[in-house]
Amino acid sequence: MSKNWSLALVIAFALGFGVKSYVDEQAKTADEQEQQQQMSQTTLYGEKGKAVPIFDQNDERIRVVYFGFTRCPDVCPTSLAMMAGALNQIDDAQKAKLRPMFISLDPERDAADASFEYAQYFHPMIEGLSAPLEITKPLAHRYGVIFRKTELEDSELGYTLDHSSYFYFLKPDGSLLTKVPHTLTPAPLVEAFKTVTSSQE
């Protein structure tokens with residue numbers, strides 16, 4: 001094989017690889033834009049069934065989201081109590097930069113009003129929200145939330161939900177900033193609140 005022919009093959013390969021990379025990058029960008037559009041349209045429901053666009057980018061507050069359910073026997077109430085405790089330990093300027101949320105994973109039993117009232121029991125800043133599973137399930141899975149229904153024999157509850165327990169700190173567009181695992185003290189949340197709010201200054 002001549003050197004010229006070998007060179008032509010190398011150039012052709014390089015051009016083909018470059019075109020493929022460009023096409024792949026364009027497809028990736030289009031997918032990201034579509035996902036971003038879907039995120040911006042994510043609407044849940046709160047007090048009196050009012051629609052709440054949770055990623056309204058006109059609202060610059062950092063979302064602090066906890067996924068759970070109102071009939072949770074221990075993990076959810078403990079977590080929301082820790083969130084409330086942490087909110088009570090930061091100043092008003094820091095609070096103004098945060099938007100705490102409780103999102104139910106059990107819309108079958110947690111209507112919007114029930115989720116709102118449950119969250120309000122812990123702290124008036126915490127928004128309690130609910131929506132059909134076709135909305136909340138992909139939202140939860142986007143951040144790696146794991147949950148499943150477990151049937152309970154001989155129980156009036158009928159079933160419970162096993163779920164992972166994290167606090168997700170999200171930018172207004174829904175991008176994940178950080179997450180804090182289940183805690184039995186407000187301290188890790190207080191630290192996270194201070195870190196994310198200072199980054200906005």
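Rings of Phe, Tyr and Trp (its six-membered ring) are taken to pair if their centres lie within 6.5 Å, with planes under 30 degrees apart counted as stacked, over 60 as edge-to-face and the rest as tilted. By this rule, the count is eight aromatic pairs. The structure is a predicted model, in which local features need pLDDT of at least 70 and side-chain atom pairs count only at pLDDT 80 or more, while totals for chains, interfaces and linings use all residues. Residues are numbered from 1 along each chain as its sequence is written, and side-chain values use heavy atoms, with hydrogens and water left out.

One of the eight aromatic pairs is formed by F102 and Y118, which are tilted at 50° between the planes and 5.2 Å centre to centre. This pair links distant parts of the chain, since F102 belongs to strand β4 (residues 98–104) and Y118 to helix α4 (residues 112–122), 16 residues apart. Helices (H or I, at least four residues) and strands (E, at least two) are DSSP runs, numbered from the N terminus. Both F102 and Y118 are buried, where buried means under 20% relative accessible area, exposed over 50%, and partly exposed in between (1.4 Å probe, protein chains only).

A further tilted aromatic pair consists of Y166 and Y168, with 6.1 Å centre to centre and 45° between the planes. Y166 is partly exposed, with a relative accessible area of 29%, whereas Y168 counts as buried at 2% relative accessibility. Y166 and Y168 also belong to one aromatic cluster with F67 and Y143.

Charged side chains were examined over the aromatic rings; a charge sits over a ring if NZ of Lys or CZ of Arg is within 6 Å of the ring centre and within 35 degrees of the ring normal. K179 lies over the face of Y166, at 4.5 Å from the ring centre. R109 lies over the face of Y159, at 3.7 Å from the ring centre.

In helix α5 (residues 133–142), the buried residues are T136, L139 and A140. Viewed down the axis of α5, these buried residues fall within an arc of 95°, so they line one face of the helix; the arc is that of the directions from the helix axis to the C-beta atoms. G144 follows α5 and has a positive phi, near 85°.

D59 is placed in the loop between β2 (51–53) and β3 (62–68). At 16% relative accessibility, D59 counts as buried. Contact means heavy atoms within 4.5 Å, and D59 touches R99 and P172, not counting residues up to four places away in sequence.
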